[in-house]
Amino acid sequence: MDVAIIGIGLHRFGRSPDLSGMQQGASAVRNALADAGLSWKDMQFAYGGSQDAGNADALVNELGLTGLQFTNIWNGCATGGSSLHAAYSAIKSGEYDVGVVVGFDKHPRGAFNPKPADWGIDEWYGETGMMLTTQFFALKTQRYMHEHGITEESLIRVSEKAFKNGSLTPTAWRQQALSYDEIANSAMISDPLRKYMFCSPAEGGAALIICNADKAHLYSSKPLFLKTAAVRTRHYGSFEVFAPSQAMTVADASTVTASKAAFEQAGIGPEDIDVMQLQDTDSGTEIIHMAENGFCEHGEQEKLLRDGATGINGSMPINTDGGCLANGEPVGASGLRQVYEICVQLRGEGGARQVPNNPKVGYTHVYGAPGLSGVNIISK
Amino acid sequence: MPNQVPIHEGLFTWPSAKPQLLGSRCVDCAETAFPAQPDCRNCGSRETKIVELGDRGTLWTWTIQTFMPKAPYNSDETAETFQPYGVGYVEMPGGVRIESRLLPNKPEDLQIGMPMQLDIIPFRTDENGDQIMTFRFSPVKEA
């Protein structure tokens with residue numbers, strides 16, 4: 001049984017001081033329902049998640065107490081990917097025909113401050129200042145640059161592209177393009193990553209209406225198809241966040257296994273993807289994820305970025321809406337924002353940021369603590 | 001001399017004239033973990049033994065923490081007195097890479113592959129006046 005996406009909705013990422021995170025989630029669901037031409041009472045099931053803005057199933061207080069099955073999902077930054085996977089499985093099983101996936105969040109300003117005990121780590125690790133996601137991404141990027149000959153120029157080009165794409169995206173939080181020099185001269189936060197190379201915790205909501213593809217024509221004249229949803233956790237030896245030690249032999253990251261599984265399930269390869277969203281918590285990580293997802297060889301990114309391959313008009317457009325860098329990261333919503341943008345692109349509704357030549361197949365990848373990745377492949 | 005208390009039992013030998021980091025090695029697959037754990041996350045064996053990991057290693061990767069982390073960070077510093085600190089993974093002869101604070105806090109003083117040595121240092125003073133001790137690496141000093 002195939003799975004279709006028949007409605008997409010966003011509550012704009014950034015700051016919504018007058019709305020709770022939950023209200024932003026409800027707003028995204030209403031927008032997705034309107035896009036599908038359906039109402040909340042048509043929803044047979046829901047999966048949703050949020051890190052800091054409450055239990056997703058409390059959304060029924062906003063949207064209506066219809067008695068539907070509503071399951072909360074929490075999987076770090078990969079919450080959206082895991083929610084979508086759960087909905088995908090619910091449709092595939094034949095149990096349900098139509099439902100909603102929703103993510104939302106509202107984070108305070110500044111870097112995340114996770115509690116060690118939540119991640120199975122003793123308190124000393126956080127007390128001594130080593131439990132920061134920003135640090136991990138810097139440590140991984142530093143090593144990657146050393147091993148694969150990536151220079152600071154590439155880090156700057158990723159940010160330059162992100163903010164340029166953000167400037168073309170009406171729903172983006174950061175809508176101002178930044179010059180190469182502005183990025184290169186911004187404050188160093190965690191060597192080698194500078195201020196404009198990191199995304200910020202933010203607010204927002206995203207929702208998708210998912211249905212049995214056999215019935216999609218009943219609801220939508222422009223359904224898209226979720227070819228696969230794969231979520232994988234880390235292996236022994238993979239270099240991941242929140243790790244007081246690492247094994248001597250570095251194993252493939254969870255992204256590599258999730259990506260391979262997704263391509264295998266979809267029966268296609270990286271060369272078949274027309275537009276992609278790769279987790280860009282920072283510019284170094286987008287570079288690493290290009291190779292971990294199979295879109296290039298390790299080290300090849302330097303030339304690809306110099307040639308503009310990852311821009312909207314390039315051979316492998318990445319993060320066409322500006323990604324996490326330009327949209328910020330409301331953790332619960334972020335992975336679904338990626339899917340939203342791919343759907344916009346495949347529908348040809350991208351406006352100034354539309355990828356040319358009628359893209360037909362899109363790819364999303366989200367990475368979360370403490371080492372898990374979710375990959376989705378979506379097609380016309 | 002204030003009483004010196006390790007920040008967590010079992011991370012390093014203490015008190016000791018020549019402290020060592022402590023980890024666990026799997027009896028079945030020989031993989032090493034830090035901190036020590038009773039089971040092996042490589043092969044799932046429940047048989048591990050505590051081992052000394054050494055007091056010298058080489059720097060595998062590094063960064064510099066330039067802003068003061070929020071809680072659970074718990075030092076004696078204030079926003080005014082906070083000093084940036086290095087963080088890195090140090091490859092140990094005991095067969096594992098350890099994440100650690102580093103003494104140098106300027107990029108020009110850190111380089112992948114440089115030899116590093118273990119220090120046990122006072123990190124903060126607790127409410128009883130005890131010095132809370134933690135581990136840190138610094139570049140090996142030339143003889």
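Trainee: Why do β2(B) and β3(B) count as a pair of strands?
Mentor: The test is that DSSP finds at least two bridges between the strands. Strand β2 (residues 21-26) of chain B and β3(B) have two bridges, in the antiparallel sense, so they pass. In that pairing, Arg25(B) faces Thr32(B) of β3(B). The strands themselves are DSSP runs (E, at least two residues), as helices are (H or I, at least four), numbered from the N terminus. This is a predicted model: local features need pLDDT of at least 70, side-chain atom pairs count only at pLDDT 80 or more, and totals for chains, interfaces and linings use all residues. Residues are numbered from 1 along each chain as its sequence is written, while chains are lettered from A and ligands numbered from 1 in the order in which they are written.

Trainee: What stands out in the loop between β3 and β4 of chain B?
Mentor: Pro35(B) lies there, and the peptide bond from Phe34(B) to Pro35(B) is cis, with omega about -10 degrees. Chain A has a cis bond between Ala369(A) and Pro370(A), with omega about 0 degrees. Pro370(A) sits in the loop between β11 and β12 of chain A.

Trainee: How do you know that β11(A) and β12(A) are paired?
Mentor: β11 (residues 361-368) and β12 (residues 372-379) of chain A share eight bridges and run antiparallel. Val361(A) has Ser379(A) as its bridge partner in β12(A).

Trainee: Which sheet holds them, and which strands are at its edges?
Mentor: An open sheet of nine strands runs β3-β2-β4-β7-β1-β8-β12-β11-β10 in chain A, with mixed pairing. Its edges are β3 (69-72) and β10 (275-278) of chain A, each with a single partner strand, so one side of each has no neighbour in the sheet. From one strand to the next the twist averages 20 degrees.

Trainee: What makes β1(A) a mostly covered strand?
Mentor: A residue is buried if 20 or more other C-beta atoms, placed from the backbone, lie within 10 Å of its own, exposed if 12 or fewer, and partly exposed in between. In β1(A), 10 of its 12 residues are buried. Nine bridges join β1(A) to β7(A), in antiparallel fashion, with His11(A) partnered by Gly205(A) in β7(A). Three bridges join β1(A) to β8(A), also antiparallel, and there Ile5(A) stands opposite Leu224(A).

Trainee: Are Asn357(A) and Asn358(A) buried or exposed, and why?
Mentor: Asn357(A) has 8 other C-beta atoms within 10 Å and is therefore exposed. Asn358(A) has 10 such neighbours, so it is exposed too. Phi is positive in both, near 65 degrees for Asn357(A) and near 55 degrees for Asn358(A). Most residues other than glycine have a negative phi, and most peptide bonds are trans.

Trainee: Why is the packing of α5(A) on α10(A) given the class that it has?
Mentor: α5(A) and α10 (residues 283-292) of chain A meet at about 55 degrees, with their axes 9 Å apart. That makes α5(A) oblique to α10(A), since angles under 35 degrees are roughly parallel, over 145 roughly antiparallel, 65 to 115 roughly perpendicular and the rest oblique. Axes are lines fitted to C-alpha atoms, for helices over the stretch in contact, and angles run from 0 to 180 degrees between N-to-C directions.

Trainee: Which residues meet there, and what puts two residues in contact?
Mentor: Their C-beta atoms, placed from the backbone, must lie within 7 Å. Phe137(A), Lys140(A), Thr141(A) and Tyr144(A) of α5(A) meet Gly284(A), Thr285(A) and Ile288(A) of α10(A).

Trainee: Where does chain A touch chain B?
Mentor: The contact takes 30 residues from chain A and 34 residues from chain B. On the side of chain A, α4 (123-127), α5 (133-148), β5 (188-190) and β9 (245-246) each supply at least two residues. The largest share, six residues, comes from α5(A). Two bridges join β9(A) to strand β7 (residues 96-102) of chain B, and the two run antiparallel. Ser245(A) stands opposite Ile98(B) in β7(B).
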